[in-house]
Amino acid sequence: MRCAPPAPNSTDDSLRLDLLLQEMAHLYVEPLFRARGIAYRLQAPPGEILVRCPRGILKLLILNLWKNAAEALSTGQHVTTHILDSVHEGGQAFCQLSIEDDGPGLPEIAMARLQGTAAPAASGPRGLGLG
């Protein structure tokens, strides 16, 4: 996920991603990961990381990805939340947030559905629900 840095002197939807992740880790790392023997790590550059993104939506996204990882992993496995700042694309600066684990990954058919390369089933459930 990429979030744009806030515009100079902007107050709309700006937040400190570094603090948000610290707050969330304080609440969720123990029950989701450590209690299950799963190691958690945050890799982020030092200092403030300001982004422009709706706080509630970002929290839900991160929590959903963390829950998916916790459900897929076993004792001894790892989850890492990465933040890269100063990612440039199309002449704009972004902050990149990624969550990586060493779990089994998605089955090939699920990956094909996510990438839009699998033929849809003639009947039955539809959608790409990730959790």
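**Notebook: helices, layout and a surface patch**

I began with the contacts between two helices. In α1, L17, L20, L21, E23, M24, A25, Y28 and L32 meet R55, L58, K59, I62, L63, W66, K67 and A70 of α2. I note here that the model is predicted.

Next I looked up the geometry of this pair. Two packed helices are described by the angle between their axes and the distance between the axes. Helix α1 covers residues 17-32 and helix α2 covers residues 55-72. Their axes come within 11 Å and cross at roughly 35°. I recorded the crossing of α1 and α2 as right-handed.

Then I stepped back to the whole chain. I found three helices and six strands. Along the sequence, the order reads β-β-α-β-β-α-β-β-α. I also checked how far apart contacting residues sit in sequence. Of the contacts in the chain between residues at least 6 apart, 74% join residues at least 24 apart.

I turned to burial and surface. The chain has 131 residues, and 26% of them count as buried.

Last, I looked for a nonpolar patch on the surface. L106, M111 and L114 form one, with about 230 Å² of accessible area together. I placed L106 in the loop between β6 (92-101) and α3 (108-114). Is L106 partly exposed or buried? Its relative accessibility is 44%, so L106 counts as partly exposed.

Note on methods. Residues numbered from 1 in each chain as written. Predicted model: local features only at pLDDT ≥ 70, side-chain atom pairs only at ≥ 80, totals over all residues. Heavy atoms only, no water. Patch = residues over 30% accessible without salt bridge, like charges linked within 9 Å, V, L, I, M, F, W, Y side chains within 5 Å. Areas by Shrake-Rupley, 256 points an atom, 1.4 Å probe, with all protein chains shown as cover. Salt bridge = Lys/Arg side-chain N within 4 Å of Asp/Glu carboxyl O. Helix = DSSP H or I, 4+ residues; strand = E, 2+ residues; numbered from the N terminus. Buried < 20%, exposed > 50% of the residue type's maximum accessible area, 1.4 Å probe, protein only. Axes fitted to C-alpha atoms, helices over the stretch in contact; angles between N-to-C directions. Left-handed = near helix turned anticlockwise from the far one by under 90°. Contact = heavy atoms within 4.5 Å.
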